[in-house]
Structures are given as structure tokens and as C-alpha cells.
Amino acid sequence: MVGVKVIANDTEFQPELSAAGSRLAVVKFTMRGCGPCLRIAPAFNALSNKYPQATFLEVDVHQCQGTAATNNISATPTFLFFRNKVRIDQYQGADAVGLEEKIKQHLENDPGNSEDTDIPKGYLLITVAFSQPVKLYSMKLQGPDNGQGPKYIKIFINLPRSMDFEEAERSEPTQALELTPDDIKEDGIVQLRYVKFQNVNSVTLFVQSNHGDEETTRITYFTFIGTPVQATNMNDFKRVVGKKGESH
């Protein structure tokens with residue numbers, strides 16, 4: 001897809017992400033009358049032509065209020081990066097150079113954009129970025145029962161940059177998992193080492209193999225279970241017994 005696709009309403013957004021599939025989707029959230037949005041618009045259009053292997057979308061936060069709310073957009077312009085409908089990164093501001101660096105970062109390790117890339121059998125690399133720091137307890141990771149479901153996984157958190165397969169192989173993970181067939185069923189829950197996932201901004205999953213030694217690994221659904229990291233405000237606590245000044 002060459003050029004920027006303007007999303008007219010909320011119902012168009014998810015189908016466009018689905019159509020992008022495994023291609024990188026760069027989504028610009030803009031607002032009418034926003035000076036920085038207007039300044040970066042020509043550069044964004046130019047980038048869409050320079051990198052035709054990616055999908056470029058534009059969303060007006062007033063016309064698509066539901067989409068903006070779902071993605072926690074609090075300022076414009078904000079650029080979100082998706083792959084396989086999963087949000088993997090974000091960038092704020094009207095710096096065209098910085099935006100292009102982000103795009104190049106996510107494209108350079110994309111196996112689909114390199115003709116001579118030799119992907120090891122069953123390997124899969126997925127990064128998820130959160131809109132705020134979170135504490136993670138567990139995850140749900142579903143896969144098919146035809147042997148393509150994930151088995152051995154290395155989990156990394158808060159990586160400063162994208163990693164490739166070679167780096168993922170040799171790096172020490174935050175947690176390593178060997179999933180059973182029951183773990184990847186619809187009702188399966190995979191527990192994480194909670195003490196190691198206390199202040200998480202991003203998670204990278206490196207799948208090293210699947211259950212059937214198949215050429216391709218498939219993940220049909222995954223999500224993380226946790227809570228936002230929030231500072232505790234003692235003024236929010238309510239006294240339920242005794243009077244002020246009393247100790248118990």
C-alpha cells in the first residue's frame with residue numbers, strides 16, 4: 001500500500017489493521033487545527049511512499065473518538081505501531097527524523113522485508129509495548145493443536161531496542177517457559193514470575209520451537225494479566241475504625 005489511508009470512522013480502523021496482517025502498520029493520530037500535526041503531515045505522506053512495505057493510516061481523534069479512547073491517545077500527533085493487530089510501539093511529537101528512525105527500527109528486523117533472510121524453523125519474535133508501566137502476573141497464550149502451537153519461549157522485558165533472532169538466542173531472558181499442550185488451550189493460564197515483572201514497559205516474546213517441530217509457529221491469541229503501576233497516595237485511604245490520632 002502506497003500513500004496514507006485516512007480512516008473516516010471507528011468501524012474502519014480494525015479492518016484496516018487486519019488487512020495489514022504481519023506488515024508494519026504506522027498509525028498517525030491527528031486533530032484538526034493542531035499545528036504540529038499540520039507540520040509533520042507532508043513528511044508522513046513522504047514516508048508512506050518511501051516505505052511501501054508498511055501500511056500508513058491516519059486517524060482524526062474527533063472523527064474516531066472510540067478508536068482514540070481505546071488506544072489511550074492523550075496528545076497529538078501520536079504515532080502507534082502495529083503488527084498482526086498488536087500494538088508494538090508508539091512515538092509522540094512532530095519530529096520527522098525521529099519518526100523515520102522508529103519506522104526503520106521496526107522494518108529492519110522484519111523477515112518479510114528481506115529476500116535473503118533465513119528464518120530458523122518455528123521461530124517467532126513478538127514485541128508488545130504498554131501505554132504505561134504495568135505489573136504482570138500471568139498471560140494467556142493460545143495456539144492450534146496441529147503441532148504449530150508454541151512450546152519453548154523466552155520472555156524479555158524493557159529492551160532498549162528491537163532484537164533479532166540471533167540476539168534473542170544468546171541473550172538471558174527475564175523468564176523462560178516450556179508450554180504444555182494444555183497451557184495453550186483456550187482455558188490455559190501461564191504464570192509469570194511476578195517479582196521479575198514489577199515495572200514493565202514492553203515485553204518481547206521469542207518462540208524457539210513448537211509442539212510438532214513444524215516449519216511455522218502460530219499463536220492465535222495472547223494477552224497479559226496484570227495491573228498498572230501507580231504511586232500510592234495515602235490520602236486515598238479511608239479510616240474505617242477508631243478516630244484520627246488513635247493507633248491500633
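The model is predicted, so local features need pLDDT of at least 70 and side-chain atom pairs pLDDT 80 or more, while totals for chains, interfaces and linings use all residues. Residues are numbered from 1 along each chain as its sequence is written, and side-chain values use heavy atoms, without hydrogens and water.

A pocket here is an open set of points on a 1 Å grid over the protein atoms alone, where a 1.4 Å probe fits, with protein on both sides within 12 Å along at least five of seven lines; lining residues have an atom within 4 Å of a point. The second largest pocket holds about 270 Å³ of space. That volume is the space filled by probe spheres set on the points, with grid points joined across faces, edges and corners.

Which elements each supply at least two residues of this lining? They are helix 1 (10-20), strand 5 (86-92) and strand 6 (124-142). Strand 6 gives the most, with four residues. By class, the lining divides into seven nonpolar, five polar and two charged residues. Nonpolar covers Ala, Val, Leu, Ile, Met, Phe, Trp, Tyr, Cys and Pro; charged covers Asp, Glu, Lys and Arg; the others, Gly among them, are polar.

Now the whole chain. The protein has five helices and 11 strands. These are DSSP runs numbered from the N terminus: H or I of at least four residues for helices, E of at least two for strands. Of the 248 residues, 40% count as buried. Buried means under 20% relative accessible area, exposed means over 50%, and partly exposed lies in between (1.4 Å probe, protein chains only).

Beyond its neighbours within four places in sequence, Glu58 is in contact with Val4, Lys5, Val6, Ile7, Lys28 and Thr30. The C-alpha atoms of Glu58 and Lys28 are 4.7 Å apart, although 30 residues separate the two along the chain.

Next, the aromatic rings. Rings of Phe, Tyr and Trp (its six-membered ring) pair if their centres lie within 6.5 Å; planes under 30 degrees apart are stacked, over 60 edge-to-face, and the rest tilted. The count comes to 10 aromatic pairs. Tyr123 and Phe206 form an edge-to-face pair, because their ring centres are 5.0 Å apart and their planes stand at 90°. This pair links distant parts of the chain, 83 residues apart: Tyr123 is in the loop between helix 4 (96-108) and strand 6, Phe206 in strand 10 (residues 200-207). Both Tyr123 and Phe206 are buried. Elsewhere, ring pairs link Phe13, Phe29 and Phe82 into a cluster.

Finally, the backbone. A cis peptide bond joins Thr76 and Pro77, with omega about -5°. Pro77 sits in the loop between helix 3 (65-70) and strand 4 (78-83). Asn84 is not a glycine, yet its phi is positive, about 55°. Asn84 lies in the loop between strand 4 and strand 5. Is Asn84 buried or partly exposed? Asn84 is partly exposed, at 48% relative accessible area. Asp213, also not a glycine, has a positive phi of about 55°. Asp213 is in the loop between strand 10 and strand 11 (221-228). Its relative accessibility is 58%, so Asp213 counts as exposed.

Technical notes: Contact means heavy atoms within 4.5 Å.
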